[in-house]
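Trainee: I would like to go through this model with you step by step, beginning with the terms and then moving to the chains and their contacts.

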Amino acid sequence: MNKTDLAGAPGARPPVVRPEDSGLQSAGTALWRYLGLMALAALPLLLLAKDPYWLNIIAFTYLMGGLASAWNIIGGFGGQFSLGHGVFFGIGAYVTAIATARYGLSPWLVMVPAALLASLVAMLISWPTFRLKGPFFAIATMAFNEVAFVLANHFDSFTGGPRGIMIPFKAGFANMIFRERWQYAVLMFVFVALVVGITVCLRRSRLGYYLLAVREDEDAARASGINVLSVKLQGMALSAFLTAIGGTLFTMYLRFIDPPSLFTLQDVGVKFALLSLIGGVGTIAGPLLGAALIVPFENFLRAELADALPGMNLAILGLLMVLAALFMKRGVVGAVEDLVRKIRSRRGGR
Amino acid sequence: MAQALLQTRGASKHFMGLKAVDDVSLAVHKGEVVSIIGPNGAGKTTYFNLLTGQLEPTLGEVSLRGQNINRLAPQQRARLGMGRTFQIVKPLIALSALENVMVGAFLQHRRMADARDRAMAVLQRVGLGAHAKRRAGDLTLSERRRLEVARALALGPEIVLLDEVMAGLNQSETGRCIDLLRSLHQEDGLTFLIIEHNLKVVRAFSERVIVLDRGRLIAEGSADEILSSPEVVKAYLGEGHQWTPS
Amino acid sequence: MDQLLNVLVIGLLLGGVYGLVSVGLNLIFGTVRIVNFAQGELVMFGMYGGYYAYNILGLSPYLSVFLVAPAVGLLGVLIQRLVIQPLHNESNMQIFATFGLLMMFQNIMLAVTRGEARSVGGDFGAQVIELGDIKVGTVRLLTFVITTAITIALHFWLTRTMVGKSVRAVTQDKRAARAMGINVEKTFLMTFGIGSALAGLAGVMLTPIYSITPGVGGNFILAAFAVVVLGGLGSVWGAYLGGLIVGVVEAFAGYYIDPALRHAIWFLIFLAVLIIRPAGLLGQVGAEEVGFREQN
């Protein structure tokens, strides 16, 4: 069907483009950058491996970094501002907790099926909501989150209701329960490395480009042959899958879950988006950077202020959200990119 | 008579009693350049949207290579070989020019490296090779229009639908754009269906012209015939359009 | 049959409460399309305002409302000027920023009150009128009447006065409104201020019947969005009707199904409306797109 050969001579292959000319990263560069980023991220773990207080913060930072990166797939690349990712987080958490505490199954076994369930639920609830415009989509996702909260509280024979589910301590790799904090930190590191790695590959894939196109302009995307709804669903399914895995890890780390810890918007659903926003929505390193900036900071606030002024840590976080929305829409990574571009254009002319 | 590439038979679009498009039949054959002209509100854009799939016809049929495509969505038509540009140009702002075109190229090239190579070739073809790395948001209007043509070309289409692709361009930019389109038509054998307000462009580039007025097709013929027809002048005169057939 | 009537009356009165809480949001979100997630917190401030006015100044809520509502309205004007205006046309960022405000307001009050619930004296809220076999709380009845009065006034204002019409014009097309000489920024400021004052008013009116905690606003916000969307964006009577429907459905669901599931009801209504008929009951089809397109 396509007979236009736009390189000139009929049958000639288009000339191979050198990476320097295209402005795109070669696969090798992307790999090196990824390894560098992960090495940097691993540094705190290596340096503070003996300190249990810091190990806890580091483990949480990795976990939140992975969750924010998972959100970033659909929220950043795809531009679909979901604030209800707590639902998928919760599915991963509850399936894991029930399987482990009640049926003695290994969380490693349950992790993937739970994540697949989350993907399925994600596609089911997204299919009707993706055609909502602007803020209605975000508000609808928040509504789904609240429904999950209510259901989790209500079906207490299943979920333990408001009392939650506790997982007894039985150390062992098969149980995903470790004696040493540093082992958990390593587990979380593997998680974030996996999620970030997936986003690197995604960014260089057809689906990744299609997600970006859908984000930038849906009409233009359609004119380019893209099935917009299908692309959004795929991005959401992947995002939900990885978020649910984070839910599994969260459950096995704390060994206790209840509806508030999973479905409180401020701490979960909105937090994933906040971390990505502060670090840089739609970038590779942004979510992890956001986690690195916010999680320790929030911990510090909570420790300092919890007694004197309960809740002030959240108030300050709220202030940060307002400031980020007003002044830092592209996040830290975005600000750095803008700076680099300004310097380059001043140096190189055009 | 060879089968038409893109055809409408009695295509109509009614909006609550208003006949925006009324019984328009048109056949575009492979390798042709057909222009649609008409005063504002004539229904050109609505007709265009029937062709691209943004709207479904109330009556009549739109067909591609003989097959009825009334119910096909825009992305399906793109996959079947229909490229299009937009009246208000829609670049993917945060992406580079090259990445913009890659989005189109991915249709036929699944691997990133292949899509990249193909996109680069297309960019060079439209004269934007030097701008590959630049962010689409930083391009001028003329560059953005060429970028959008490139993105459509990267699909490997058989027919390209252009919606007022010259709008907003100055004289020299318009001239360069006409040269590009001519070259794409003559060297690459692309079929074109364009909406155009600029009659100089119509004269320079089109083989056949159809005139819409108040939703109906009121005239059809060669560029010379149409542009000197008194009926057409009358349709435009209500708008205050004046031109001398030169 | 008696029980049915009882539940219905409870539902309608509850609907009056929802309607009152939502009327401000309907003006802000339904009419000028600003997504304000902190709206529930403005109600909360109204409640605390009514409480402190009662406890410290001895003023009944029906008097202190004339102090508290404008104060909350002023806060609203500040929010619009500092936070919303820079984010015009960026709905997702508005959600984010106003959610941040929600967190700030809730948690500042938490720190100030140390989480203790407050309530205005029981004598007030406990008064009951008997209509036949049905007992109707006086305060709730009064709230219902006030809601109806405000709805009528607001409808009149939006459709008959020049100022009100300019508010609607600004939603439809900012550029055209500007071309007609309407000061768009001032209109938004005023609308947000009035919408906030209405939220504060709702809070004061509810002081006698709700226990006041910092999180009380969060209870209302999604219900309020549900009401506004259900009733139809920009339709004042639609929001009124929506409030009644949500109230009645919640009352019946609570009675016949399960009290705990009551809250899920709003969300399910909300989601159903968004998916099936986003324009709501009395809104114009396509209303949900107005104001959310690209505009200068």
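Mentor: Helices here are DSSP runs of type H or I with at least four residues, numbered from the N terminus. Please keep in mind that this is a predicted model.

Trainee: How many of the residues of helix 4 of chain C are buried?

Mentor: A residue counts as buried if 20 or more other C-beta atoms lie within 10 Å of its own. By that criterion helix 4 of chain C is mostly covered, and of its 23 residues the number buried is 20.

Trainee: Turning to chain A, what is its radius of gyration, and why is the chain described as compact?

Mentor: Chain A has 16 helices and two strands, and for its 350 residues the globule rule gives 20 Å, to which the computed value is close, so the chain is as compact as a globular protein of that length. Buried residues make up 51% of chain A. The radius of gyration itself is 22 Å.

Trainee: Which helix of chain A gives the largest share of the side that touches chain C?

Mentor: The contact takes 36 residues from chain A and 39 residues from chain C, and the chain A side divides into 26 nonpolar, seven polar and three charged residues. The largest share of that side, 14 residues, comes from helix 6.

Trainee: And which helix of chain A gives the largest share of the side that touches chain B?

Mentor: Here 29 residues of chain A are in contact with 40 residues of chain B, and the chain A side comprises 13 nonpolar, eight polar and eight charged residues. Its largest share, five residues, comes from helix 9.

Trainee: Which residue of chain A does C:Phe270 touch?

Mentor: C:Phe270 is among the residues with the most contacts inside the largest nonpolar core, which has 280 residues. Leaving out residues up to four places away in sequence, C:Phe270 touches C:Phe225, C:Ala226, C:Val229 and C:Leu230, and, from chain A, A:Ala143.

Terms used
Residues are numbered from 1 along each chain as its sequence is written. Chains are lettered from A and ligands numbered from 1 in the order in which they are written. This is a predicted model: local features need pLDDT of at least 70, side-chain atom pairs count only at pLDDT 80 or more; totals for chains, interfaces and linings use all residues. Two residues are in contact if their C-beta atoms, placed from the backbone, lie within 7 Å. Ala, Val, Leu, Ile, Met, Phe, Trp, Tyr, Cys and Pro count as nonpolar, Asp, Glu, Lys and Arg as charged, and the others, Gly among them, as polar. A residue is buried if 20 or more other C-beta atoms lie within 10 Å of its own, exposed if 12 or fewer, and partly exposed in between; C-beta atoms are placed from the backbone. A nonpolar core is a set of buried Ala, Val, Leu, Ile, Met, Phe, Trp, Tyr and Cys residues joined through C-beta atoms within 7 Å. The radius of gyration is taken over C-alpha atoms; the globule rule is 2.2 Å times the number of residues to the power 0.38.
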